[in-house]
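Biologist: Hi! Could you walk me through this one? I'm new to it.

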Amino acid sequence: VAVGIYFSAHWCPPCRGFTPQLAGWYAKDLKSKGLEVVFVSSDHDEAAFGEYFAEQPWLALPFGAHEKRDRLAKKFKVQ
């Protein structure tokens, strides 16, 4: 099993365009080949997180896990 950490946000236009593509690849091939994706949100509020995550077929770090999100962002140099 491989894990992909997907940093994204509802308010990010490039992310909103890429997420459906990734979801399609994930459903078609990637999940069956052993890839698990974990969504790490940069959304500003839980409602936006919930709306955006509802479109995604994988796991997510809970919205309120800000400390974990910040540590992951720092480790992978995501701003």
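Biologist: Which element gives the most residues to the lining of the largest cavity?

Modeller: That's E2, with 3 residues. This is a predicted model, so local features need pLDDT of at least 70 and side-chain atom pairs 80 or more, while totals for chains, interfaces and linings use all residues. Residues are numbered from 1 along each chain as its sequence is written, and side-chain values use heavy atoms, without hydrogens or water. Helices (H or I, at least four residues) and strands (E, at least two) are DSSP runs numbered from the N terminus.

Biologist: Which residues line the largest cavity?

Modeller: Phe39, Val40, Ser41, Leu61, Pro62, Phe63, Ala65, His66 and Arg69 line it. E2 and H3 each supply at least two of the lining residues. On a 1 Å grid, a cavity is where a 1.4 Å probe fits but cannot get out, a pocket is an open set with protein on both sides within 12 Å along at least five of seven lines, and lining residues have an atom within 4 Å of a point.

Biologist: And what volume does the largest cavity have?

Modeller: About 50 Å³, counted as the space filled by probe spheres set on the grid points. The search of the whole structure finds 1 cavity of 30 Å³ or more.

Biologist: What about the largest pocket, what is its volume?

Modeller: The largest pocket has about 210 Å³. It is lined by 14 residues, and the closest to its centre are Phe7, Trp11, Ser42, Val78 and Gln79. E1, E2 and helix H3 (66–75) each give two or more residues to the lining, and H3 gives the most, with 3.

Biologist: New topic: which residues of H1 are buried?

Modeller: Cys15, Thr19, Leu22, Ala23 and Tyr26; buried means under 20% relative accessible area and exposed over 50%. Those H1 residues pack (heavy atoms within 4.5 Å) against strand E1 (2–8), strand E2 (35–41) and helix H2 (46–53).

Biologist: Last one: is Lys77 buried or exposed?

Modeller: Exposed, with a relative accessible area of 73%. Lys77 lies in the segment after H3, and its phi is near 60 degrees, a positive value in a residue other than glycine. Most residues other than glycine have a negative phi.

Methods
Buried < 20%, exposed > 50% of the residue type's maximum accessible area, 1.4 Å probe, protein only.
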